[in-house]
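I opened this model to see how its parts are arranged. My notes are below.

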Amino acid sequence: MNESVSTPVRLLVVDDHTLFRRGLVALLAGDRSLAVAGEASDAGEAVRQAAALQPDVILLDNHLPGATGIQALPGLKEAAPRARIILLTVSEDEQDLQAALRGGAHGYLLKTIEGDLLAQAIHRAMRGEAVVSQELTGKLVSAFQTSSAPAPVPAAPVRDPLAQLSAREQQVLEQIALGASNKEIARTLQIAETTVKIHVQHILRKLELTSRVQAAVFAAGLARNAAEPRP
C-alpha cells in the first residue's frame, strides 16, 4: 500500500467506537509497513497500553470517555516518550488543532482521510514531520498570510518574529504549516530539496525552535493572532 520498510511501524489505536476502531485496524493490516500492536478505548487504557507496548505511533481519537485525547497527551508522552502521537478525530475545531499540537501531538488528521493518505501521514510523522489534514491547514495558512500584511505602527516597538525571516523562509514556513514535506515544498517553490533543508534549519534557528512540529504550531499561533481583532 505504501513505503516499504524492513521493520513495520508499530501502532497503538485509541478510539472508543468499537466498529470504527476495528475497521481502522483491519484497514491498517493491509499495509505491510504498518503493524497494530494494540488497541484502547479510553485514555486510561491508552496510557497503560502505551507504557507496556512502547509503540512507534499512537493514533488517538479526541472524543474519549472521561478524559479527551488532548487531555491524555501528557500521560501518553510520559508513558511512551518516543512515540509519535497523531490525533485522528472528527473535530475540525481550530482550537482543538492548536491545543493538540501545543500539547505535543505530531499530527492532527480528520477521520475522513483516505487509507493510503493515512499510511503516508504515519510515515511522515515517523520522519519528524507535522501532519495536518488539508481541510484545516488551508484555513491556518490563509490567516498566516494575512499576518504578514503591513499593520499600523504601535506606540511602543513590538518585536515581529517574522521580521527575522527572509521572504523565502516565510514561504517555507507557510508550507510547513500546510504539513508539506521537503520534497513537496521544493516542488511548490521550484527550488532544490537541499535548499529547502537549509531554509528549514535557518527558520528553526532564528525562531529558536527545535522541530518542524514546533514551527507548525508557531505558524498556527500567528494565524490565530492575525485573526483576532486589533484593539
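**Ground rules.** I am reading a predicted model, where local features need pLDDT of at least 70, side-chain atom pairs count only at pLDDT 80 or more, and totals for chains, interfaces and linings use all residues. Residues are numbered from 1 along each chain as its sequence is written, and side-chain values use heavy atoms, without hydrogens and water.

**Sheet.** I looked up the strand order first. Six strands make an open sheet, S2-S1-S3-S4-S5-S6, with parallel pairing. Strands (E, at least two residues) and helices (H or I, at least four) are DSSP runs, numbered from the N terminus. Two strands pair if DSSP finds at least two bridges between them. S2 (34–40) and S6 (131–132) are the edge strands, each pairing on one side only. I then checked S3 (residues 57–60) and S4 (residues 84–89), which are joined by four bridges. Val-57 has Arg-84 as its bridge partner in S4.

**Helices on the sheet.** H2 (residues 43–53) lies across S1 (9–14), S2 and S3, at about 140 degrees to S2. H4 (residues 94–102) touches S4, S5 (107–110) and S6, and makes about 145 degrees with S5. Contact means heavy atoms within 4.5 Å. Axes are lines fitted to C-alpha atoms, for helices over the stretch in contact, and angles run from 0 to 180 degrees between N-to-C directions.

I turned to the second largest pocket, which holds about 550 Å³ of space. A pocket is an open set of points on a 1 Å grid over the protein atoms alone, where a 1.4 Å probe fits, with protein on both sides within 12 Å along at least five of seven lines; lining residues have an atom within 4 Å of a point. The volume is the space filled by probe spheres set on the points. This pocket has 25 lining residues, and among those closest to its centre are Leu-117, Arg-124 and Glu-184.

**H8 and H9.** How do the axes of H8 and H9 cross? They come within 8 Å and cross at roughly 110 degrees. The two helices are therefore roughly perpendicular (65 to 115 degrees). Asn-182, Lys-183, Ile-185 and Ala-186 of H8 meet Glu-193, Val-196, Lys-197 and Val-200 of H9.

**H7 and H9.** The axes of H7 (residues 167–177) and H9 come within 10 Å, crossing at roughly 90 degrees. H7 is thus roughly perpendicular to H9. The H7 side of the contact includes Val-172 and Leu-173, and the H9 side includes His-199 and Ile-203.

How values were computed:
Angles under 35 degrees count as roughly parallel, over 145 as roughly antiparallel, 65 to 115 as roughly perpendicular and the rest as oblique.
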